[in-house]
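Here is a short tour for anyone who likes to look at a fold before running anything on it. Please keep the viewer open as you read.

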Amino acid sequence: AILFVGIVLAPLLAAWVGTSLAASTGESRFLGQTLGGFLTSLLIVFGIGLLGGFASRIAQPITFSQAYHYARLWIPDLLVLTFGSISLSIAFIQSEEKPILASLMVAYGLFLPASAAGFGLGSGAAGLWPQAGIVLLIHLAISLLLSLLVFFYMGFRPLEQSGYALTGATLLVSLAALIGFLGFAPRLSSTAASTPPPAQATATPLPTYTPLPVKQPTYTLVATHTQSPPTATKPVSTPTHTPSPEITALPTPVYGRIQSIGGDGAAIRAEPGKNAITTVQNGYLVEFLPVDPVTVDGATWVKVLVRTPGRDIEGWVLLTLIVTATPSGSP
């Protein structure tokens with residue numbers, strides 16, 4: 001019950017989504033940050049389970065039916081993890097809302113085996129360690145592969161050629177780990193029949209999510225000034241005069257930098273609120289295009305140009321995720 005309460009109260013698994021996204025786009029720096037954050041949370045769960053295992057030695061002999069459940073491969077758990085990983089990736093791409101339910105499903109498939117592995121190592125109970133650790137690695141590989149497939153299908157690609165090497169290496173390592181660890185699946189499932197049936201868990205209400213207020217950045221429009229040339233007039237004769245074409249001053253480009261509160265960057269979308277084209281990290285320079293902003297469900301979207309060494313990308317991004325500097329000087 002304590003483990004379930006911890007999963008419900010745990011924050012959104014943004015670090016795990018960021019790891020999959022960074023692997024699909026080939027962003028090595030972003031991959032290091034998100035993977036480090038996720039592994040830190042995973043080690044905390046493992047460490048707490050380890051302490052619980054040491055504490056259980058005092059109350060021996062006792063049974064560990066719940067711990068044994070998460071040290072085995074179960075089809076229902078795999079289905080929950082599969083549906084949660086796919087839903088979490090799709091919700092991250094297509095919606096600005098926090099996918100709490102999908103995050104809970106993925107946390108269920110990852111954190112409970114990690115806790116069972118730590119508990120088995122601390123308690124010394126046979127059949128928990130390293131079996132629960134192997135289940136955790138299999139779940140990690142499945143979730144990562146499914147997330148990568150979703151991101152690839154939705155059009156996420158590395159921005160630079162060097163990123164394809166990182167993406168390919170991630171795919172190969174995940175596939176090799178999954179194939180290798182699946183060799184332990186018969187051994188893990190063979191002892192499932194002797195394991196007592198797990199107790200029914202009591203459903204815990206989901207926490208409510210209240211979005212933080214975001215200050216709207218200033219957005220400066222540059223006016224276009226049109227000047228007509230003067231017409232020459234002679235007092236005696238009036239020769240035929242061909243007027244010169246009007247001269248229109250080009251607007252000064254307006255730039256901004258991506259800056260999200262959560263520190264995860266922003267998604268560049270094909271249309272306001274629609275499918276994402278790619279993602280850019282915080283601090284990335286974007287150029288505003290001379291297209292009127294669009295308001296959808298109270299959120300303002302602007303069209304920007306993202307310049308990369310390989311290509312230029314045009315798309316829509318939330319205005320609240322861009323900070324701009326108001327140009328100085330007299331007009």
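## Overall picture

What you see is a predicted model. The protein contains nine helices and ten strands. It has 331 residues, and 39% of them count as buried.

If you take the contacts between residues at least 6 apart in sequence, 70% of them join residues at least 24 apart.

## Helices α2 and α3

Let us begin with helix α2 (residues 14-25) and helix α3 (residues 28-56), whose axes come within 8 Å and cross at roughly 150°. Angles over 145 degrees count as roughly antiparallel, and α2 and α3 are therefore roughly antiparallel to each other. The crossing of α2 past α3 is left-handed.

Which residues make this contact? On the α2 side they are Ala 15, Trp 16, Gly 18, Thr 19, Leu 21, Ala 22 and Ala 23, and they meet Phe 30, Leu 31, Thr 34, Leu 35, Gly 37 and Phe 38 of α3. By type, the residues of this contact are nine nonpolar and four polar, with no charged ones.

## Two backbone details

Most peptide bonds are trans, and most residues other than glycine have a negative phi. Two places in this model are worth a look with that in mind.

The peptide bond joining Trp 129 and Pro 130 is cis, with omega at about 10°. To find Pro 130, go to the loop between α6 (100-123) and α7 (131-153).

Asp 297 is not a glycine, yet it has a positive phi of about 55°. You will find Asp 297 in the loop between β7 (294-296) and β8 (299-307). Is Asp 297 buried or exposed? Its relative accessibility is 81%, so Asp 297 counts as exposed.

## Gly 256 in strand β3

Gly 256 belongs to strand β3 (residues 255-258). With a relative accessibility of 3%, under the 20% cut-off, Gly 256 counts as buried.

What does Gly 256 touch, leaving aside residues up to four places away in sequence? Its contacts are Tyr 284, Leu 285, Val 286, Phe 288, Ile 322, Val 323 and Thr 324.

How values were computed:
Residues are numbered from 1 along each chain as its sequence is written. This is a predicted model: local features need pLDDT of at least 70, side-chain atom pairs count only at pLDDT 80 or more; totals for chains, interfaces and linings use all residues. Side-chain values use heavy atoms; hydrogens and water are left out. Axes are lines fitted to C-alpha atoms, for helices over the stretch in contact, and angles run from 0 to 180 degrees between N-to-C directions. Helices (H or I, at least four residues) and strands (E, at least two) are DSSP runs, numbered from the N terminus. Angles under 35 degrees count as roughly parallel, over 145 as roughly antiparallel, 65 to 115 as roughly perpendicular and the rest as oblique. A crossing is left-handed if the near helix is turned anticlockwise from the far one by less than a right angle, and right-handed if clockwise. Contact means heavy atoms within 4.5 Å. Ala, Val, Leu, Ile, Met, Phe, Trp, Tyr, Cys and Pro count as nonpolar, Asp, Glu, Lys and Arg as charged, and the others, Gly among them, as polar. Buried means under 20% relative accessible area, exposed over 50%, partly exposed in between (1.4 Å probe, protein chains only).
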